[in-house]
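Trainee: Please show me how to read surface features in a model like this.

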Amino acid sequence: LGKQDYKKTRPMLRATRLKAEAKKTALGVKEVALVLAAILVFLLAFYAFFYLNVSSEVDLDLDLDEN
């Protein structure tokens, strides 16, 4: 009997809403790690591709010089 319901003020409601939106749109550590891992894999593949091409061309040049 005689209890009053707690009513949030406008600034408190706005702060709660902004906090929920920020949480929803914020990047997590998992997403950042996945993006960094994908970039690293791409760079390693790029490096390996050119390394293998250059090393095979050097081997061909050595074989031609021996004849």
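Trainee: Which residues form the positive surface patch?

Mentor: A patch takes residues with over 30% relative accessible area and no salt bridge, joining like charges within 9 Å and nonpolar side chains (Val, Leu, Ile, Met, Phe, Trp, Tyr) within 5 Å. Here Lys7, Arg10, Arg14 and Arg17 form the positive one. This is a predicted model, where local features need pLDDT of at least 70 and side-chain atom pairs pLDDT 80 or more, while totals for chains, interfaces and linings use all residues. Residues are numbered from 1 along each chain as its sequence is written, and side-chain values use heavy atoms, without hydrogens and water.

Trainee: Is lysine 7 buried or exposed?

Mentor: Buried means under 20% relative accessible area, exposed over 50%, and partly exposed in between (1.4 Å probe, protein chains only). Lysine 7 counts as exposed because its relative accessibility is 72%. Lysine 7 sits in the segment before α1 (10-25).

Trainee: Which residues form the nonpolar patch on the surface?

Mentor: Leu27, Val32, Val35, Leu36, Ile39, Phe42, Leu43, Phe46, Phe49 and Phe50 do, with about 1,000 Å² of accessible area together (Shrake-Rupley method, 1.4 Å probe; for residues, only the protein chains shown count as cover). Among them, leucine 36 is part of helix α2 (residues 29-66), and with 53% relative accessibility leucine 36 counts as exposed.

Trainee: What does the UniProt annotation cover?

Mentor: Such annotations may be inferred rather than shown by experiment. The unreviewed UniProt entry marks residues 32-52 as "transmembrane region". In the model, that span is 100% helix and 0% strand, with its end C-alpha atoms 30 Å apart.

Key:
Helix = DSSP H or I, 4+ residues; strand = E, 2+ residues; numbered from the N terminus. Salt bridge = Lys/Arg side-chain N within 4 Å of Asp/Glu carboxyl O. Lys, Arg positive; Asp, Glu negative; His and termini not counted. Charge placed at Lys NZ, Arg CZ, Asp CG, Glu CD.
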